[in-house]
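Hi everyone, thanks for coming. I'd like to walk you through one structure today, so please have a look at the screen.

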Amino acid sequence: SNYSVSLVGPAPWGFRLQGGKDFNMPLSISRLNDGGKAAQAHVGIGDVVLTIDGISTDGMTHLEAQNKIKACTGNLNMTLQR
């Protein structure tokens, strides 16, 4: 099931990404920091990242996704799939 999450800035957001087009796997959450913003928003390990700030992650490389997240300074909006 898909859900949206809005993490209020600034970074750190408290999660790690894995995957991307260059790894031939979907972008997903690989790690959460205890008590971090992502954990507080009930983001789950293994959840697939569908959009970052309204932009589809389809076809994004790992680095492009990281840069997109770093560009979100005020708050980070993502759509995820559990």
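Predicted model: local features only at pLDDT ≥ 70, side-chain atom pairs only at ≥ 80, totals over all residues.

Let me start with a question: leaving aside its neighbours within four places in sequence, which residues is Pro-26 in contact with? Take a moment to find Pro-26, which sits in strand S3. The answer is Gln-18, Gly-19, Gly-20 and Val-48.

Now for the overall layout. The protein chain has two helices and six strands. If you trace the chain along its sequence, the order is β-β-β-α-β-β-α-β. The C-alpha atoms fill a box of roughly 30 × 25 × 20 Å along the principal axes. How does the radius of gyration of the protein chain fit a compact globule? For 82 residues, such a globule would come out near 12 Å, and the protein chain has 11 Å, so the two agree.

What about the inside and the outside? Of the 82 residues, 38% are buried. The accessible surface of the protein chain is about 4,700 Å², and carbon and sulfur atoms account for 51% of that surface. I also looked at contacts between residues at least 6 apart in sequence: 61% of those contacts join residues at least 24 apart.

Let's move on to charge. The protein chain carries 7 positive and 6 negative side chains, and the centres of these two sets are 6 Å apart. Side chains of opposite charge can pair when their charged atoms come close. How many salt bridges does the count give here? It comes to one. The partners are Arg-82 and Asp-47, with 3.2 Å from N to O. Arg-82 is in the segment after strand S6 (75–81), while Asp-47 is in the loop between helix H1 (37–40) and strand S4 (48–52), so this pair ties together parts that are 35 residues apart in sequence. And are the two partners buried or exposed? Arg-82 has a relative accessible area of 53%, so it counts as exposed. Asp-47, at 4%, counts as buried.

Next, the backbone. Most residues other than glycine have a negative phi, and most peptide bonds are trans. With that in mind, please zoom in on the loop between strand S1 (2–8) and strand S2 (15–20), where you will find Pro-10. The peptide bond leading from Gly-9 into Pro-10 is cis, with omega near 0 degrees. Pro-12 is found in the loop between S1 and S2 too, and the peptide bond from Ala-11 to Pro-12 is also cis, with omega near 10 degrees.

Which residues other than glycine have a positive phi? I have two to show you. One is Asn-24, with phi near 55 degrees. Asn-24 lies in the loop between S2 and strand S3 (25–32), and with a relative accessible area of 74% this residue is exposed. The other is His-42, where phi is near 65 degrees. You will find His-42 in the loop between H1 and S4, and it is exposed as well, at 61% relative accessible area.

Lys-21 is in the loop between S2 and S3. Setting aside residues up to four places away in sequence, Lys-21 touches Gly-59, Met-60 and Thr-61. Asn-2, on the other hand, is 19 residues from Lys-21 in sequence and 20 Å from it in space, C-alpha to C-alpha.

The second one is Asn-33, in the loop between S3 and H1. How exposed is Asn-33? Its relative accessible area is 37%, so Asn-33 counts as partly exposed. Beyond residues up to four places away in sequence, Asn-33 touches Gly-14 and Ala-39. If you compare positions with Ile-55, which is 22 residues from Asn-33 along the chain, you will see 25 Å between their C-alpha atoms.

That's my tour. I'm happy to go back to any of these spots on the screen.

Definitions and conventions:
Residues numbered from 1 in each chain as written. Heavy atoms only, no water. Helix = DSSP H or I, 4+ residues; strand = E, 2+ residues; numbered from the N terminus. Rg over C-alpha atoms; globule rule 2.2 N^0.38 Å. Buried < 20%, exposed > 50% of the residue type's maximum accessible area, 1.4 Å probe, protein only. Contact = heavy atoms within 4.5 Å. Areas by Shrake-Rupley, 256 points an atom, 1.4 Å probe, with all protein chains shown as cover. Lys, Arg positive; Asp, Glu negative; His and termini not counted. Charge placed at Lys NZ, Arg CZ, Asp CG, Glu CD. Salt bridge = Lys/Arg side-chain N within 4 Å of Asp/Glu carboxyl O.
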